[in-house]
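Visitor: Please show me the chain and take me through its fold.
Guide: Here it is.

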Amino acid sequence: MEVRVHGKRMSVGDDLRALAEEKVARSTRVFEDLGPVDVEFTHEQNPRLAAERCRVEITSKAAGQLVRVEAAAPDHRAALDVAVDKLERQRTAKRQLGGRA
């Protein structure tokens, strides 16, 4: 599985890139037919969004369906944790509904 990590309006450091690759690879290993996973970090400049300044979007395609989660937090590591948790919950919800993922 390929994990592509990139940033919008920011540069992603090597430590954050390695952390994202590790967490996403661990949480998505149970998806069947998972395509490349895009992890996009965004830094919002608006001071009114201080509590949601850092955003993470995880997007992929599994079994013909688009899998996408988005999370926001004060820092990128916390946003990544929330996004990975949402991804795992989405996987279990689709499994309970009888989805193929």
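Visitor: Among contacts between residues at least 6 apart in sequence, what share join residues at least 24 apart?
Guide: First, the basis: this is a predicted model, in which local features need pLDDT of at least 70, side-chain atom pairs count only at pLDDT 80 or more, and totals for chains, interfaces and linings use all residues. Residues are numbered from 1 along each chain as its sequence is written, and side-chain values use heavy atoms, with hydrogens and water left out. A contact means heavy atoms within 4.5 Å. Of the contacts between residues at least 6 apart, the share joining residues at least 24 apart is 49%.

Visitor: Which pattern does the chain follow along the sequence?
Guide: The chain has two helices and four strands. These are DSSP runs numbered from the N terminus, helices being H or I with at least four residues and strands E with at least two. Read along the sequence, the pattern is β-α-β-β-β-α.

Visitor: In what order do the strands form the sheet, and which strands stand at the edges?
Guide: Strands count as paired if DSSP finds at least two bridges between them. The four strands form an open sheet with mixed pairing, in the order 1-2-3-4. Each edge strand has a single partner, so one side of each is left without a neighbour in the sheet; the two are strand 1 (3-8) and strand 4 (65-73).

Visitor: Is His 76 buried or exposed, and at what relative accessible area?
Guide: His 76 belongs to helix 2 (residues 76-96). Leaving aside neighbours within four places in sequence, His 76 is in contact with Met 10, Leu 16, Phe 41, Thr 42, His 43, Cys 54, Arg 55 and Val 56. Buried means under 20% relative accessible area, exposed over 50%, and partly exposed in between, using a 1.4 Å probe and protein chains only. His 76 is therefore buried, at 14%.

Visitor: What is the phi of Arg 9, which is not a glycine?
Guide: Arg 9 is found in the loop between strand 1 and helix 1 (14-27). Arg 9 counts as exposed, with 54% relative accessibility. Although Arg 9 is not a glycine, its phi is positive, at about 60 degrees.

Visitor: What percentage of the residues count as buried?
Guide: The chain has 101 residues. The share of them that counts as buried is 38%.
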